[in-house]
Amino acid sequence: MIRAIAGAVLVAGACCACTPVAPYQRGYLARPDMALAPDTGTAKALEKTYSAKEAASGGASVGGGGCGCN
Amino acid sequence: MAATEDREAPAPRARGGALAALTQAALALPILAIAARAGAAQVGEVGIAVLGYKERGLIKVTEPVIWANAQIAEVWEVQASAAIDIITGASPQLVTNLSGKPVQAVTGASINDRRNTGDLHVTRHFGDFALSGSYTESNEEDYHSRAYGVEGRWDLDHKLTTIAAGYGRSNDRVGSSIDQTLNAPRHTDEYMLGVTRILTPLSLVQSTVAIARGRGWYNDPYKLTLTFYPDQILPILLADRRPDHRDTLSWLTRYRRHFPGANATLQADYRYYRDDWGIRAHTLEVAWQQDLGDRWSVRPALRYYTQSAADFYSPTIPRPQPEIVSSDQRLAAFGGLSPSLRLTYRFAGGTVIEGTAGYVHDARSLRFGGGGSEAYTTLRAVFGLVSVSRPF
């Protein structure tokens, strides 16, 4: 677990040496297709579909609740 | 280096004013909110979608979904969604070696279930800090779930970096339509820590670790194992028996990179998962969203999934009979490929229509590195998703 957290911090933290990006340069980052989490409703529907057939789930948020998906 | 990046990624050119508006919208927003509020002047969005999913010879799911989000008084954000799962068809309930080798069998019982679910998510911004609370409820005839979560986000380094931390709790009740006496609890505590970083004017990355500690009833009341032994006349029928706890770890990393010259965006997500049942899983999804003019875009995507088997997975009942054993093939070793294609059309007023078609193919031969469980029955399914969303 510690290794995973350290890894997550490293993935993003290693990028701290990257180019400073001024606010006026962030226009492309505001595009809908740059969203890290897709549309709320549709993303959940698809995620439930996959997780009903696989052992793995979660990772993006907390408090999502469970289901008796068969 | 900085000068090079600046040449590669100048401030977006105005294209009908849209990108200029995006730039204006992006100036004051934290990373996590940037793309969610890309419509600049918009303060909210409503959407409706219908998901259809059909397995070959097994179940069929139809799921209408409705959602809305709004920004209120500049510092509040409210998101809500509701969905109904309508599930019909047959679900495999028995794994038996009657024919010689263990296979999944579909019993006569068919599923006719309905799940109602809804959630509410409220966020309050305090300068560079944001605090969110969420509540989710899901009800089926044989499963009830109430979950809540709290999450804090801090924007650092002129909003180049965002740290997120969260806690969630899920209180579930497990029942069974074939055993009316079953009403068992399952409680799960979840903890999440994440980092999001803007890498360049064209790319960003997010990495999140979530751990969950679950306690309670995990047996699937619909799964049975029927095993015949060569030296025994009568077979043994055993109900699904799993541990009464499950600790999981999910490590999700997302990367986005826009290519202005190609009018396209690369979206890549990778998740590593492990739990104390012995399952290790990897999920990789890569998508390429290509704009075709100002109105249309197309998004081909490929999702790959692979997992190892749970320590107690067995398609037959071993002798001596263990305390815990399950033949549920979702706990087997297998892999899956799922290609999909999404087509998007944006109206001038901001309304967006999307259609997605996808295929799911899970098989033991698709497990990474081989070694898929022999008894795994190949799953083939198709899904379609149509959605309409409108800003306001």
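Here is a friendly conversation about a predicted model with chains A and B.

Residues are numbered from 1 along each chain as its sequence is written, and chains are lettered from A, with ligands numbered from 1, in the order in which they are written. Because the model is predicted, local features need pLDDT of at least 70 and side-chain atom pairs count only at pLDDT 80 or more, while totals for chains, interfaces and linings use all residues.

Colleague: What is the mean pLDDT of chain B?

Modeller: pLDDT is the predictor's confidence in each residue, from 0 to 100. In chain B, 89% of the residues reach 70 or more. The mean pLDDT of chain B is 89.

Colleague: How many contacts does the model have for residues 25–29 of chain B, beyond four places in sequence?

Modeller: Two residues are in contact if their C-beta atoms, placed from the backbone, lie within 7 Å. Over residues 25–29 of chain B, pLDDT stays under 50. Where pLDDT is low, the predicted coordinates should not be read in detail. With that caution, the number of contacts for this stretch is 13.

Colleague: How many strands does chain B have?

Modeller: Helices (H or I, at least four residues) and strands (E, at least two) are DSSP runs, numbered from the N terminus. Chain A comes to two helices and zero strands. Chain B has three helices, and its strands number 20.

Colleague: What share of the residues of chain A count as buried?

Modeller: A residue is buried if 20 or more other C-beta atoms lie within 10 Å of its own, exposed if 12 or fewer, and partly exposed in between; these C-beta atoms are placed from the backbone. In chain B, buried residues make up 41% of the 392 residues. For the 70 residues of chain A, the share is 60%.

Colleague: Which residue of strand 3 stands opposite W67(B)?

Modeller: Two strands pair if DSSP finds at least two bridges between them. Strand 1 (residues 44–55) and strand 2 (residues 60–72) of chain B run antiparallel with eleven bridges, and there G47(B) stands opposite W67(B). Strand 2 is also joined by eleven bridges to strand 3 (residues 76–90) of chain B, again antiparallel. In strand 3, the residue opposite W67(B) is S81(B).

Colleague: Which residue in the turn between strand 2 and strand 3 of chain B has a positive phi?

Modeller: Strands 1 and 2 of chain B form a hairpin with four residues between them, and G57(B) in that turn has a positive phi of about 80°. Strands 2 and 3 of chain B form a hairpin with three residues between them. In this turn, the residue with a positive phi, about 55°, is A73(B).

Colleague: What is the strand order of the open sheet of four strands in chain B?

Modeller: Strand 4 (residues 94–96) and strand 12 of chain B run parallel, joined by three bridges. Strand 12 and strand 13 (residues 236–239) of chain B run antiparallel, joined by four bridges. This open sheet in chain B has mixed pairing and the order 5-4-12-13.

Colleague: Which side chains of strand 12 of chain B point to one face and are buried?

Modeller: Along strand 12 (residues 224–227) of chain B the side chains alternate.

Colleague: Why does G358(B) count as buried?

Modeller: G358(B) is found in strand 19 (residues 352–363) of chain B. Beyond residues up to four places away in sequence, G358(B) touches S338(B), P339(B), S340(B) and F383(B). G358(B) counts as buried because its C-beta neighbours inside 10 Å number 20.
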